[in-house]
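Here is a short briefing to keep beside the viewer. Please load the model and follow along.

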Amino acid sequence: MTAAHAEENPAIYGLMAEFDDPDRLVEAAHAAREGGYTAFDAYAPFPVEGLDEALPGLRNYVAPTVFAGGLAGGLGGFLLQCWSTIYYYPHNIAGKPLYSWPAFIPITFETTVLGGALAAVFGMLAYNGFPRLYHPVFNAPGFDLASDDRFFLCVESEDPNFDPAATLAFLEGLGPRSVSVVPY
Amino acid sequence: MSYAPDDARASADLTARLDALRATALKVGGAGLVATLAGLAIAPRAAFPAYLAAFLFWAGVSLASIGLCLLFQLVGGSWMVPLRRMFEAAGWQIMLMAAFFIPILIGLQSAFPWADADVLKADHLVAAKTKYLARDFFTFRAVAYFAIWSGVAYMVNAWSREQDGTADLAPTRRLGAVAGPATVVMFLTASFGAFDWGMSRDPDWYSTIYGAMFVIGTLLTTLGLAAVFAVRHSSLEPIKSALTVGRLNDLGNLLLTFTMLWAYFSFSQFLITWLGNLPEDVIWYLRRIQGPWGAVALALIFFGFFAPFLSLLQRKHKRDTAWVLPIATWIVVMRTIEVGWLIIPGYSKVGSEWGGFPWGSVLLYYAALLGIGGIWTALFLKRLTSAPLVPLRDPAVIAALEHDRIHAHEPSGGTAI
């Protein structure tokens with residue numbers, strides 16, 4: 001939040017518009033983007049098709065994180081087997097050489113999957129900002145319906161184009177059920 | 001929403017393109033067949049294994065196409081909309097492949113060591129299997145396979161086309177009812193086909209996973225060919241509007257899945273053989289790593305698995321025709337190499353190294369691939385263009401197209417490429 005905004009707008013997280021149906025929400029998100037807003041988010045009880053493309057600046061880093069996790073898991077699993085069979089507990093099994101890489105492949109595959117899965121879950125949580133004990137959007141009246149049958153669009157006050165009066169008028173023009181102020 | 005019957009047929013541009021392709025395929029096929037027949041007549045020992053490999057490649061494409069039609073009935077979804085008629089027409093060609101099987105019966109003793117009396121005298125491991133690997137029983141089984149496959153190919157073709165002409169959903173219900181049992185029958189018969197025609201090239205050896213490995217491989221080939229064909233014509237209606245970015249992504253995911261599955265089955269067989277380390281087991285690999293075959297085996301690991309696998313991991317690649325086309329082409333080329341590697345070195349003498357590499361067979365293999373493939377492609381195109389390219393009244397297809405219409409403005413799924 002810039003200093004100028006903080007002065008005229010001391011304790012507002014943003015303005016929240018409430019919609020009845022998902023298509024309206026997607027339309028509103030498109031409209032907000034066309035209206036020049038860059039810091040807004042949408043809240044819905046289920047994944048709404050097309051919403052991810054309508055929201056601004058969505059960068060998904062989960063895929064490369066999973067790749068890195070899988071790579072680390074696979075390398076770790078392979079090297080662990082090398083270490084244990086060659087240095088830590090060298091043992092003659094069926095006359096095979098100590099470095100018997102084909103026998104290591106199934107475990108390597110499993111640890112690749114494990115590393116990828118862990119990276120997917122924890123990477124997703126981290127990129128979503130979890131764990132998070134407090135978020136201002138829950139101050140919006142009736143926001144608990146976002147997990148039931150209502151659809152919300154919140155333009156945040158840190159948006160450079162955010163202006164309490166103009167943004168309120170803009171949101172009301174989108175045909176919401178209601179628009180409310182979200183305090184910090 | 002559904003296509004109007006005229007819109008679902010090949011547009012004038014596409015028809016012109018497919019007619020030109022058909023003429024080329026006939027020419028290439030004719031030339032390839034002449035070369036193959038000359039090879040079969042002059043050098044049967046080198047030519048019959050090569051012909052068998054090419055036969056298995058194209059028979060596999062037809063079998064996998066029938067299997068994919070059945071799979072669609074079981075799992076549903078929208079991925080099949082642009083591909084279903086292609087798979088039906090490709091499955092129909094199993095009847096053509098029955099005709100292409102006749103030369104194998106004629107040259108049986110050149111194609112299979114167990115049909116050679118000299119081999120039976122010298123190798124007791126092979127002689128012990130002649131109850132199953134006998135000419136008459138082998139022929140009987142082949143006839144039974146082709147009868148079953150033709151029947152299933154007829155069902156997936158005829159009932160799907162019957163649905164185009166009637167609002168009554170009985171044909172689709174019938175297809176749905178037979179799909180489950182038919183999938184089991186197709187998988188089992190295709191496995192036994194692979195045992196009879198592929199594995200028995202090395203009659204002193206056996207592997208229970210061989211059939212599944214063959215089936216998975218042919219599914220990969222078929223999806224690769226379907227991707228090449230669909231993307232090559234994706235600028236023309238009706239393929240243009242049926243092959244959305246979302247469905248291209250589905251196709252990329254299927255290619256990725258079957259690349260991994262193929263590697264998984266191939267490695268499973270290798271690992272068990274390697275761990276057991278028994279002479280009668282490892283012989284199959286020894287025949288396939290001596291001389292240039294060793295380089296082929298390594299190429300299959302790195303270029304057949306790792307290259308497409310790493311490329312297809314990226315979502316961006318799967319959503320871009322400029323990536324999917326070369327990747328799918330690459331997969332198909334690697335699959336031709338793998339089928340050659342599986343079949344041609346069968347029962348070769350270990351220790352011959354570079355001197356024993358069957359260069360003639362490899363050349364004839366590619367001639368036969370083009371020969372059979374040319375005729376196969378020409379008849380496939382004839383069958384494909386004889387019906388709408390998108391099923392008209394199948395409820396699953398209608399639901400998918402309705403979904404496209406609603407989400408047409410989004411880059412995620414509905415838009416054309």
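Which helices are included in what covers the buried residues of α2(B)? The cover includes α3 (44–75), α5 (94–106) and α18 (359–384) of chain B. Please keep in mind that this is a predicted model, in which local features need pLDDT of at least 70, side-chain atom pairs count only at pLDDT 80 or more, and totals for chains, interfaces and linings use all residues. Residues are numbered from 1 along each chain as its sequence is written, while chains are lettered from A and ligands numbered from 1 in the order in which they are written.

**Confidence**
- The model scores ipTM 0.77 and pTM 0.87.
- Chain B has an average pLDDT of 90, and 95% of its residues score at least 70; pLDDT is the predictor's confidence in each residue, from 0 to 100.

**Chain B as a whole**
- Chain B has 19 helices and zero strands, where helices (H or I, at least four residues) and strands (E, at least two) are DSSP runs numbered from the N terminus.
- Its radius of gyration is 22 Å, close to the 22 Å from the globule rule for 417 residues, so chain B is as compact as a globular protein of that length. The radius is taken over C-alpha atoms, and the rule is 2.2 Å times the number of residues to the power 0.38.
- The C-alpha trace of chain B spans about 70 × 40 × 40 Å along its principal axes.
- Of the 417 residues in chain B, 44% are buried, meaning that 20 or more other C-beta atoms, placed from the backbone, lie within 10 Å of the residue's own.
- Among contacts in chain B with a separation of 6 or more, 82% are between residues 24 or more positions apart; a contact has C-beta atoms, placed from the backbone, within 7 Å.

**Helix α2 of chain B**
- Helix α2 (residues 12–42) has 31 residues and should span 45 Å at 1.5 Å a residue, which agrees with its end C-alpha atoms being 45 Å apart. The expected span is 1.5 Å times one less than the number of residues.
- The buried residues of α2(B) are B:Ala25, B:Gly29, B:Gly32, B:Thr36, B:Gly39 and B:Leu40.

**Where chain A meets chain B**
- Nine residues of chain A are in contact with 12 residues of chain B.
- On the chain A side, α4 (62–88) and α5 (101–127) each supply at least two residues, and α5(A) gives the largest share, three residues.

**Domains of chain A**
- Chain A is divided into domain 1 (3–45 + 149–183) and domain 2 (62–127), with bounds from an automatic or database domain assignment.
- The C-alpha centres of domain 1 and domain 2 of chain A lie 47 Å apart.

Terms used: Buried ≥ 20, exposed ≤ 12 C-beta atoms within 10 Å, placed from the backbone. Contact = placed C-beta atoms within 7 Å.
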